[in-house]
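Please have the sequence and the structure at hand while reading.

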Amino acid sequence: MASLQSSLVLLSTNHKPPSTAARRFHVSCSSGGRGGGGVDRRDMLLGLGGLYGATAANLNARADPIQPPDMKVCGVPEVGGVPLDVNCCPPVSDAIKDYVLPPVGTLRVRPAAHRLHRHHHGHLAKYEEAVRRMRALDKTDPDDPRGFTQQANVHCAYCNNAYDQAGTDIPLSIHFSWLFFPWHRWYLYFYERILGKLIQDPTFALPFWNWDNPRGMHLPLIFDNEKSPLYDANRNPLHRPPAVVDLQYTNDKPEPIDDERLVRNNLASMYKEMMRVRKPEDFMGQSYVAGDEVPPPAKAGTVERGSHTSIHRWVGDPSNPYHEDLGNFYSAGRDPAFYSHHSNVDRMWTIWRGLRTRVPKAIYDPDYLNAAFLFYDENKELVRVRAGDALDNRKMGYEYEDVDVPWLYFRPPRRAAGVKIKDISKTAQRPEKVFPLTLSRIARVLVSKTAPGAADEDLVVEHIHANPDEFVKFDVYVNSEEDDPKDVDNAEYAGTFAKLPHRGGRGGHHSHDKGKGSVRFSLKELYEDINIDGDDEEVVVTIVPRANGRHVTIGGIKIVKA
Ligand code: C2O
């Protein structure tokens, strides 16, 4: 611990040691923001709170990375203001080692789960045996951190706000920010190594659920065998194989849609999530540093708030109060399918980093690279890991089986003729008339562009607030002729916002959730696809609520230069 912190200070002499900073933010938060005074930390950094004179230099060294929680301080998780009748606090240990990645010998190759059945039968047998042994630990040694329930609890503790940021009473949460990918990567890394250790196979690799490829667009059969340790009864019975997954899933779909259309919509969703990204934060999630409140869902990256959320919701059992198991973070890790789902999420990160698009792929901010977490490794030792050591999966000793990536080529066909803005704007209103908006019905807004035609611009949907207790989803279209667009495999679809019920906290102390965030959709390619008129100075933006729109408010919409 000490060595990492001191190297951190050396790395960036502008940084205050983390403990001081945490205390500083804690004090300013409790005196201003938390009780409802509404002083936003960002305002303080910009000097608006009167506490900080912001200069370019200290904006750079604005804070400190998120540090691991004090595991001794671990509370009861809750959802929707109701404390859950579960204790998901991992065992406590004082012996914390800084984790050093072991030298890589043979890479573990994570196979596509739908291929295990036929092509890797031996691998399936090992996987089942490993999970069987992991489940057995629950009974023989419930305090062994490698047991199945203990492993599931790791997700619950970090995700339903059972922990605080060390030394503060600000809950810690690793969703909805740039920590999403590295934290989950480390989580699966140790899960995989534990499974391998339990069967004495150091090359064991976790299968990934290839839901972005038509061949993998159903729950993998290996999870649907009731006799297998990979089975979980807490799933939506209507979505057993061969039901085709819906990467735009909402429970209130107006009408059932046929499989072929589903597949097309799924590929189109993946294309937009992966290829229409302008800044690393749009994909990775936005910044989250020491002293920040729990990030609002709008700070999540495209995959996290899109396909990732849909799969959780699609698999969980709607007859359970929180759609357990996959439908809520506290219970998600109890379903073995979770780890294969997240393995594919992780694979999306690997694929995205390898894309030859012009978007920069790396975040160099030390507040990102030095964010740190605690996990138990395969030898039951508590280790401290850094986000910055999780950037390259091959350095971590694993890679993914090579399979087709068909969404790469799923850019929507260009429209032969663009719409006339005056024909579609009749049903649209000016932003002044619309915002702030509660999304109880479809909104059509006429938004001014920064320059005419196919300019390099982004659409920003601002100050999104979604009720923490509810599953929420809405879609955004540009220049749609339809008042009620349904599909997403078209040029007009810009992107999606979706989130699971997420509120956590301890006994209600942190149940007020004021977080708002903005989501950006990139427009340059979309303009080309919709064949926008070179003279157009406005577009019609259609926001379509898909689930619980009445629980969403949006502060405004604007188009900005990219
Ligand atoms: Cu930590 Cu998909 O959730």
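This is a predicted model: local features need pLDDT of at least 70, side-chain atom pairs count only at pLDDT 80 or more; totals for chains, interfaces and linings use all residues.

**Cysteine pairing**

Cys88 and Cys156 are both buried, and a disulfide joins these two residues, with a sulfur-to-sulfur distance of 2.1 Å.

**The Cys88–Cys156 disulfide**
- The torsion about the S-S bond of Cys88 and Cys156 is about -65 degrees, so this disulfide is left-handed.
- The pair connects distant parts of the chain, as Cys88 sits in the loop between β2 and β3 whereas Cys156 belongs to helix α7 (residues 148-159), 68 residues apart.

**The Cys74–Cys89 disulfide**
- Cys74 and Cys89 form a disulfide in which the sulfur atoms are 2.1 Å apart.
- About the S-S bond of Cys74 and Cys89 the torsion is about -90 degrees, and the disulfide is therefore left-handed.
- This pair, too, links distant parts of the chain, with Cys74 in the loop between α4 (56-60) and β1 (78-79) and Cys89 in the loop between β2 (82-83) and β3 (96-98), 15 residues apart.
- Cys89 has a relative accessible area of 22%, and is partly exposed.

**The cysteine Cys159**
- The closest cysteine sulfur to that of Cys159 belongs to Cys156 and lies 7.9 Å away, which is too far for a bond, because a disulfide requires the sulfur atoms to be within 2.5 Å.
- Cys159 counts as buried, with a relative accessibility of 2%.

Notes:
Residues are numbered from 1 along each chain as its sequence is written. Side-chain values use heavy atoms; hydrogens and water are left out. Helices (H or I, at least four residues) and strands (E, at least two) are DSSP runs, numbered from the N terminus. Buried means under 20% relative accessible area, exposed over 50%, partly exposed in between (1.4 Å probe, protein chains only).
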